[in-house]
Amino acid sequence: MIPSTVFEQLLDAAPDAMVGSDASGRIVFVNAQAERLFGYDREELIGRLIECLVPDDIRGGHRALRNRYTGDPVHRAMGSGQPLRARRKDGTVFPAEISLSGLQTDTGLFVSAAVRDISDRLEAEAERARLRQEADRARLQDQLQRTQRIESLGQLAGGVAHDFNNLLAVISNYAAFIAENAGDRTASPCDCGEAWAEVHRDTEQILRASRRGSDLTRQMLAFARKEVTRPQVVHLGTVVQNVEEMLRRLIGEHITLRVVHDGGCGPVQADPSHLEQVLVNLAVNGRDAMPGGGTLTIETGGVVVGDDFEVQGPPIPPGEYVRLRVTDTGTGMPPDIIDRIFEPFFTTKPTGKGTGLGLAMVYGIITGAGGGVRIDSEEGSGTTVSVLLPVTDRRPTEVGARSAPVEAFNGAGETVLLVEDEPSLRLVCERMLVSSGYQVLAPADVTAAVRIAEDHPGQIHLLLTDVVMPTMLGTALAEKVVRYRPLTRVLYMSGYAAGVLSSTHGVLDPDIALIEKPFTRAELLNAVRSALTTRF
């Protein structure tokens, strides 16, 4: 048997304050740590109710121990979830964690309370929580700044693309005029045929460069979500199948392409041609990340997104989505590159090997369709780009290959009211229409166009108007013209029509005829013929 003095010394050496009480709650024992913690002398506490130290429901613990006692020691921890309050002699209160132990003795139930001041622990937890909140705020602020930076770059890109489209339309069509003339001169029997052949070759280079410029502006507009879309309800797997063979040729024989479809995917509402552009750009980026060969995997499947799902850019609402995942086994990317990867003109490729617009275009198309993009990558471990598009309950439509018109339809003397605020482009359009058999009225501004609509003695078959103009939008001009001449058809032309001709997410109204700048002579003539012959 351990002598009582040794037992008391062991209790005095305990790190926690030990307070023993009888079944009535009166204190019968305290150790040295209890004296230090509560500020009482031992003699002051003996015989007092334990509530003087612990004002919270300590008696409830007593009762619980009595009810549960079955002959063996029983325990109850108090204050581990919600801290209890303990009171010192000077009246100060501190948070405490208390562990009660019950033991049946000859004189009745003895309850021992081990009391621990947890002020430091709670302060440390509060500090950790504060640091976590600050880190979360910093992360959200950083995400907001990145999103705002991308949005501001999008506004800039959209504005640049609008003006650049007008310039490209002028450059490309005047180059086409020169190429046609040079081709005619080359075919004629004269000594200067070789010189004209060289002119023809030079203009072909100009046309090739203008087409590249046109592709760039379309990518900029797609990133800025300013490109007008023509969405359909489609199955994403069908879109992948339509471009699978082209992708195999695009990535080369040194890369293995795996395509995995989940038949349970629902339909989505998006522009099929834009989805094809997304696939091509992701495949090209994956190919470029595997110069020595590898595997590119394209997977489609359904996924349910919760509140905590993170994407690059604006968050997407919870719900059912179709997920397209493109995974390469290439070099991967560090976090600082991932943070900037959707910025326009940002590229890790060598000079001349990339424009920095491919992933920016992917970001613009997918977010413009109400979806989100997520990148998971590690250096040396490849990259996975996940594209999510919301599932729609509408029935899918058939998606087929688009055939480009091969013939430019000339006019038959119809009168076209041409309204374009850029003088050089107005002259180009007038020249193309007049040379193709149309009568053209080309006023210098919107005010003059309205007067012509009021006063022109003959019929005006078509209004061909720019959309964004300084003094009046093309839609407002069309309303005025049609008010005077109800039979006049309307064809809009623009390189920056989203927000004017379109509804939410840049969707073009199906009743609106639009030709997007820059356009060729054949594209313009076919659009004019289509607008003139389409039934009301």
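At roughly what angle do the axes of α8 and helix α10 cross? The axes of α8 and α10 (residues 358-368) cross at roughly 145° and come within 9 Å. This is a predicted model, in which local features need pLDDT of at least 70 and side-chain atom pairs count only at pLDDT 80 or more, while totals for chains, interfaces and linings use all residues. Residues are numbered from 1 along each chain as its sequence is written, and side-chain values use heavy atoms, with hydrogens and water left out.

**Helices that pack together**

- Two packed helices are described by the angle between their axes and the distance between the axes.
- Axes here are lines fitted to C-alpha atoms, for helices over the stretch in contact, and angles run from 0 to 180 degrees between N-to-C directions.
- Helices (H or I, at least four residues) and strands (E, at least two) are DSSP runs, numbered from the N terminus.
- On the α8 side, the contact with α10 (heavy atoms within 4.5 Å) includes His 274, Leu 275 and Val 278, and on the α10 side it includes Leu 359, Met 361 and Ile 365.
- The residues of this α8 and α10 contact divide into eight nonpolar, five polar and no charged.
- Helix α8 (residues 272-288) also packs with helix α7 (residues 236-251), at an angle of about 40° and with the axes 10 Å apart.
- That angle makes α7 oblique to α8 (angles under 35 degrees count as roughly parallel, over 145 as roughly antiparallel, 65 to 115 as roughly perpendicular and the rest as oblique).

- Glu 244 and Arg 248 join their side chains in a salt bridge (2.8 Å, N to O); the term means a side-chain nitrogen of Lys or Arg within 4 Å of a carboxyl oxygen of Asp or Glu.
- These two residues are separated by about one helical turn, because Glu 244 and Arg 248 are four residues apart in helix α7.
- The whole structure holds 15 salt bridges.

**Strands and sheets**

- Strands β12 (residues 372-377) and β13 (residues 383-390) pair in the antiparallel sense over six bridges; to pair, two strands need at least two bridges found by DSSP.
- Five residues lie between β12 and β13 in this hairpin, and Gly 380 in the turn has a positive phi of about 85°.
- Elsewhere, five strands form an open sheet with parallel pairing, in the order β15-β14-β16-β17-β18.
- The edge strands, β15 (439-441) and β18 (514-516), each pair on one side only.
- Helix α11 (residues 423-434) lies across β14 (415-419), β15, β16 (462-466) and β17, and runs at about 170° to β14.

Methods. Nonpolar A, V, L, I, M, F, W, Y, C, P; charged D, E, K, R; others polar.
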